Each structure stands twice: as C-alpha cells, then as structure tokens.
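Subject: Structure handover and notes

Dear colleague,

Please find the structure below, together with its sequence. I would be grateful if you could read the notes that follow with the model open beside them.

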Amino acid sequence: MSTLKAVRGTRDLLPPETALWNRIEATARAVFARYNFGEIRTPVFEDTGLFARGVGEETDIVSKEMYTWEDRARAQSEKPQSLTLRPENTAGVVRAYIEHGLGESGQLQKLYYMGPQFRRERPQKGRYRQFSQIGAEVIGPPSAGSESPLRDAEVLEMLASLLDELGISGWTLELNSVGSPADRARYNEALRAALVPVVSQMCEDCKRRAVTNPLRVLDCKVPADQPIIDTLPVIADSLDEASKAHFAAVTAALDAAGVPYTRNHRLVRGLDYYTRTTFEFTHGGLGAQNALLGGGRYDGLSEAIGGPKAPGIGFAMGEDRLVLTLLALNEQNAGAQKADAYIAPLGEGLNAAALTLARELRHQGLWIELGEGGFRLKKSFDAADKTARRIVILGEDELQSGILTVKTFSTGVQTKIPRTELAAFLSL
Ligand code: AMP
C-alpha cells in the first residue's frame with residue numbers, strides 16, 4: 001500500500017515555524033485592537049451562490065479554482081444545496097454583516113479575521129491550495145462615513161504600521177483607483193476598442209479576456225504581451241470628477257501621514273467587486289508570487305448579494321507569504337529560540353522528583369524541557385544542548401541538599417544554586 005501524504009497544494013506546519021505563525025497572529029491581533037477592530041469568525045464553507053455573486057462569475061477564482069460539491073438533500077423533494085470551501089473571506093464577512101443587521105447600529109463595523117482559504121491553483125512556492133489569510137473590513141451605512149477616503153487612508157496606514165511591527169522591511173505599496181461602476185464600464189469600452197487592432201498578437205488568455213472582461217488583460221503576466229499592454233489606455237483617464245477627488249483625498253492623507261506609495265495604473269485586482277481604491281503591498285524577497293496582501297474598496301458588494309447599501313474597504317494578507325518573507329529576512333527565526341532549562345534526573349528513580357521541579361519552575365513562568373532519568377549523563381547533556389540554554393542536574397544529593405547543579409551552555413560555566421533561587425537564576 002502506498003503511504004498517505006498531505007494532498008497536493010496543502011502542507012503541515014510544524015514547530016519551530018509555527019512559533020513564527022503565532023507571533024504574526026499575536027502582532028496582528030494587537031495592532032487591530034489598537035485601531036478598534038473586533039474579530040469575526042465565519043464558516044469555512046458557504047452556499048456557492050455567495051461567491052458566484054460576491055466575487056464574480058468571470059473571475060479565475062470562481063470560474064476555475066473553487067472546491068465545490070453538492071450537499072446531500074435532506075428530503076427527496078429538496079434540491080441538493082451547492083456548497084463551496086471559502087476561496088476568500090470578504091464575501092462571508094459581508095454576508096454576516098447583512099444576516100445580523102450589523103448596519104442597523106448606524107456605526108461603522110471594523111472587523112478582522114484570520115483563517116484558511118481554499119483555491120485550486122497550480123501549487124508553487126508562496127501559492128498553495130489551502131492557505132491562510134489575515135484580513136480586515138471596514139463597512140457600514142454611508143451615514144457612518146463608510147465612503148470617506150479617510151477610511152481608505154487609515155486602513156493603508158494601519159497596514160504600513162503592521163508590516164513594520166512584524167519586522168517586514170522593504171515593502172512597497174502600490175495604489176490605484178478603479179473608479180465607480182460607470183467609470184469602469186467606460187474604461188472597459190475604451191480598452192475593448194484599443195484591443196481590437198492588437199489582440200491577435202496576444203496570448204490565448206488575453207484573446208478570451210478581450211471579449212469577456214477586457215480589464216483582466218491588465219493582469220496578464222506573459223512577457224511578450226507586456227509592451228502591448230503598456231500602450232493601452234489607463235483607467236485614471238476614465239475616472240469621473242468624484243472618483244478623482246476621492247483618490248486625491250486618499251493620497252493626500254497618506255502623504256500627510258508619511259506612508260510611501262507608488263501609483264500602479266495596471267492594478268485592477270482579480271475580484272469583480274472592487275470600486276475606487278485598490279492596492280497591493282509587495283515584497284521583493286518573494287519572487288514570482290510577490291504580493292503580500294491585496295485589497296480595496298467595494299462600495300457595491302453588499303447590494304450585489306442582496307443587502308442594504310453598505311460601502312466598505314478591506315484587505316487580505318497572505319499569512320504564508322508573511323512567514324516566507326520573515327524567514328528570508330531571517331528576523332526572529334523561531335528556530336533560534338531555546339527553552340530556559342533542561343532538567344536532567346540522574347536515574348529513573350528521580351523522574352518523579354524531576355517532574356515536581358519542572359512543575360514548580362513552569363508555574364513561575366519558565367520554559368522547561370523535562371529530560372529522562374533512564375538516559376546516561378552524556379546523552380542528557382547532548383539533548384539539553386540542542387533544546388535549552390541551560391541544564392539543571394537533579395541527582396539524589398541535589399534532592400536531599402536542595403542545592404542544584406546548573407550549567408549554562410553559552411559560557412560553559414557550572415554553578416551550584418539553591419532550589420529557592422533557581423527560578424530567578426534561570427530567568428536571567
Ligand atoms: P486575494 O484574495 O486574491 O486578493 O489575495 C490576497 C493575498 O492572499 C495575496 O496577496 C496573497 O498574499 C494571498 N494569497 C492569495 N492566494 C494565495 C495562495 N493560493 N497561496 C498563498 N497565498 C495566497
């Protein structure tokens with residue numbers, strides 16, 4: 001029988017790397033709290049219709065990447081429900097916003113989430129079929145100020161602060177505006193017209209997109225198509241006065257706060273629901289999959305899935321890619337961390353006493369690895385050196401006298417410490 005392995009595109013996260021994941025999540029939670037965001041947890045699967053309507057039938061995600069299945073019908077007369085593992089979390093958050101009438105409070109809702117998402121993409125470094133996103137949404141009725149460019153600027157400033165706090169240096173913020181639905185329709189027509197004379201020289205995907213969704217041509221990565229794409233009209237020229245003023249207010253606030261950005265005219269994002277501001281934070285250390293996070297404004301999403309008018313702005317960060325970036329930067333490599341002490345009982349008869357000592361020290365907040373009295377001393381020393389900064393030797397003499405032998409590996413110094421002073425010594 002062949003051995004079973006994790007499914008293609010999925011992977012196990014193991015210590016010590018999981019310590020880095022935990023640190024990222026703890027930092028994100030702390031930053032979100034400072035900006036007055038609360039956590040939302042939505043189900044991992046939803047009715048397929050939510051994504052078809054909320055993300056867009058024409059997007060790659062919905063048209064070819066979703067894990068969808070028919071649930072068993074409860075009764076013969078019932079139609080089986082089509083369910084899908086969430087490929088992203090914004091649609092779920094907006095569904096919950098509508099379902100729980102969160103807009104009725106008249107307040108802005110500031111919600112963050114973290115958890116697994118599922119897309120049937122071609123796996124490669126930084127791209128998985130199960131991956132984890134940390135994201136946030138600011139959404140509410142227009143009377144709560146949800147359309148204000150200040151909200152966009154605040155979210156972007158928060159992201160800059162979060163990446164800095166995580167120790168991710170060298171990020172780039174790319175910013176654009178895709179305008180209102182009317183602006184986009186106008187731009188789509190301009191693109192469609194501009195593509196007619198050149199599309200025959202472009203890739204097969206672009207030929208299809210030129211007909212179905214010309215905006216997507218801008219996402220094309222085929223090198224030979226790039227010079228052609230550079231000659232196409234830019235969306236900035238199709239924006240109406242209100243969209244231009246909105247974008248100008250976002251950039252003015254970012255300038256005032258000292259958050260650097262560059263304008264990327266081709267940033268139109270993969271999801272259909274974006275309006276006005278779109279953005280991406282990228283990092284050079286990531287290679288081909290260089291997007292750390294993406295997001296934008298989605299003023300029409302709530303209405304698209306049957307809810308009230310509820311403009312919003314949000315983002316999703318790829319946690320897998322944050323981890324890759326931090327490992328590449330070699331900052332706070334979780335593998336470098338070691339326990340405060342390794343307790344080595346001298347003989348199996350001292351195992352129970354060693355557990356008691358470990359319990360005492362752990363209750364005092366120390367990080368302790370407990371050895372095994374059945375090991376020879378040399379083996380205990382080797383194991384301790386790999387996992388801890390110090391070794392504490394617990395023999396019959398030490399137990400009786402209450403004076404323990406402690407060796408610090410970094411200095412090689414061996415000292416005798418009374419049990420009452422041990423915790424203080426080990427925490428140094
Ligand atoms: P999106 O929801 O497509 O806007 O993606 C937001 C972020 O999620 C991206 O910038 C990536 O960092 C991350 N991401 C998207 N798809 C994947 C994937 N298949 N594997 C790993 N990370 C991903």
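Predicted model: local features only at pLDDT ≥ 70, side-chain atom pairs only at ≥ 80, totals over all residues.

Residues are numbered from 1 along each chain as its sequence is written, and side-chain values use heavy atoms, with hydrogens and water left out.

Helices (H or I, at least four residues) and strands (E, at least two) are DSSP runs numbered from the N terminus, and two strands are taken to pair if DSSP finds at least two bridges between them. On that basis, 5 strands form an open sheet of mixed pairing, in the order S13-S12-S14-S15-S16. Its edge strands, each pairing on one side only, are S13 (368-370) and S16 (414-418). From one strand to the next the twist averages 30°, where axes are lines fitted to C-alpha atoms (for helices over the stretch in contact) and angles run from 0 to 180 degrees between N-to-C directions. Strand S12 (residues 341-345) runs parallel to S13 and is joined to it by 3 bridges, with Ile343 standing opposite Leu370 in S13.

Helix H15 (residues 419-426) lies across S12, S14, S15 and S16, and runs at about 125° to S16.

Elsewhere, strand S4 (residues 82-85) pairs in the antiparallel sense with S2 (residues 45-47) over 3 bridges, and it also pairs in the antiparallel sense with S3 (residues 68-70) over 3 bridges. Thr84 in S4 is the bridge partner of Glu46 and also that of Thr68.

Helix H6 (residues 181-195) has 15 residues and reaches 20 Å from its first C-alpha to its last, close to the 21 Å expected, the expected span being 1.5 Å times one less than the number of residues. Asp183, Arg184, Tyr187, Asn188, Leu191 and Leu195 are buried in H6, where buried means under 20% relative accessible area, exposed over 50% and partly exposed in between (1.4 Å probe, protein chains only). They cover an arc of only 135° around the axis, which puts them on the same side of H6; the arc is that of the directions from the helix axis to the C-beta atoms. What covers these buried residues includes helix H7 (204-212) and helix H9 (241-257).

A nonpolar core is a set of buried Ala, Val, Leu, Ile, Met, Phe, Trp, Tyr and Cys residues joined through side-chain atoms within 4.5 Å. The largest one has 41 residues, of which Phe32, Leu163, Phe279, Phe281 and Phe315 touch the most other members. Helix H5 (residues 149-166) gives the most to this core, with 9 residues. Apart from it lies another core, of 36 residues, including Val94, Met202, Leu232 and Leu239.

Finally, Gln133 is found in strand S6 (residues 130-139) and, at 8% relative accessibility, counts as buried. Arg266, in the loop between S8 (262-263) and S9 (275-283), is partly exposed, with a relative accessible area of 24%. Beyond residues up to four places away in sequence, Arg266 touches Asn176, Leu218, Cys220, Gln226, Ile229 and Asp230.

With best wishes

Note on methods
Contact = heavy atoms within 4.5 Å.
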